Amino acid sequence: MTELPSAADLMRRHGVSRGVALRAFAALERDGVAERVPGGRWRVVRPGGDVDRRPLAERLADVIAEDGLSVGAAFPSTTALSVRFGVSRPTVSKALDRLESAGLLSEGRQGKQRTVRALPKRTESPES
């Protein structure tokens, strides 16, 4: 995803007020073209309809169920996950560290594949 210029950059480049720049970002968000990211920045949303906006760690935890993995099973590599989710390896590594901290995965080191330590708990909302 491409990061958009900051409001200050837009103000400087186009000679507009901060309010105008923020309204432009709001219009892009409303149209589903851009989204806010932490730190007050904005990025372009990838085209393609329904995009899972949950944190990567949550989506990686879903891999356990999606791939039918059980406790003790080998978890996919950082490289395979970066290709599968279209993100960088360092981004995947950070998310995997969160799953390790949560006790779902074993520690991963070079030459040692991560394994599933626990199955994620699923919280289902009651049907109306």
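Biologist: Which residue stands opposite Arg36 in E2?
Modeller: Arg36 faces Trp42 of E2. This is a predicted model, in which local features need pLDDT of at least 70 and side-chain atom pairs count only at pLDDT 80 or more, whereas totals for chains, interfaces and linings use all residues. Residues are numbered from 1 along each chain as its sequence is written, and side-chain values use heavy atoms, with hydrogens and water left out.

Biologist: What makes E1 and E2 a pair, and how do they run?
Modeller: Two strands pair if DSSP finds at least two bridges between them. E1 and E2 are joined by 4 bridges and therefore meet that condition; they run antiparallel. They form a hairpin with 3 residues between them, and Gly39 in the turn has a positive phi of about 95°.

Biologist: How are the elements of the protein defined, and how many are there?
Modeller: Helices (H or I, at least four residues) and strands (E, at least two) are DSSP runs numbered from the N terminus. The protein has 5 helices and 2 strands, in the order α-α-β-β-α-α-α along the sequence.

Biologist: Why is the link between Arg41 and Glu3 called a salt bridge?
Modeller: The term requires a side-chain nitrogen of Lys or Arg within 4 Å of a carboxyl oxygen of Asp or Glu. The closest N and O atoms of Arg41 and Glu3 are 3.0 Å apart, so the pair qualifies. It links distant parts of the chain, with Arg41 in strand E2 (residues 41-44) and Glu3 in the segment before H1, 38 residues apart. By this rule the count comes to 9 salt bridges.

Biologist: Why is Glu35 assigned to its accessibility class, and what of its partner Arg43?
Modeller: Buried means under 20% relative accessible area, exposed over 50%, and partly exposed in between (1.4 Å probe, protein chains only). Glu35 has 11% and is therefore buried, whereas Arg43, at 31%, is partly exposed. Their side chains meet in a salt bridge at 2.8 Å, N to O. Of the 128 residues of the protein, 27% count as buried.

Biologist: How are Arg12 and Asp9 placed in helix H1?
Modeller: They are 3 residues apart, about one helical turn, and their side chains form a salt bridge of 2.5 Å, N to O. Arg12 has a relative accessible area of 61% and so is exposed.

Biologist: How are H3 and H4 oriented to each other, and why?
Modeller: Axes are lines fitted to C-alpha atoms, for helices over the stretch in contact, with angles from 0 to 180 degrees between N-to-C directions. Angles under 35 degrees count as roughly parallel, over 145 as roughly antiparallel, 65 to 115 as roughly perpendicular and the rest as oblique. The axes of H3 (residues 56-66) and H4 (residues 78-85) come within 12 Å and cross at roughly 105°, so the helices are roughly perpendicular. Their contact (heavy atoms within 4.5 Å) involves Leu56, Arg59, Leu60, Val63 and Glu66 of H3 with Leu81, Arg84 and Phe85 of H4. Glu66 and Arg84 also belong to a network of salt bridges with Asp67.

Biologist: Where does pLDDT stay under 50?
Modeller: pLDDT is the predictor's confidence in each residue, from 0 to 100. It stays under 50 over residues 124-128, which have 0 contacts beyond four places in sequence. The protein's mean is 84, and 88% of its residues reach 70 or more.
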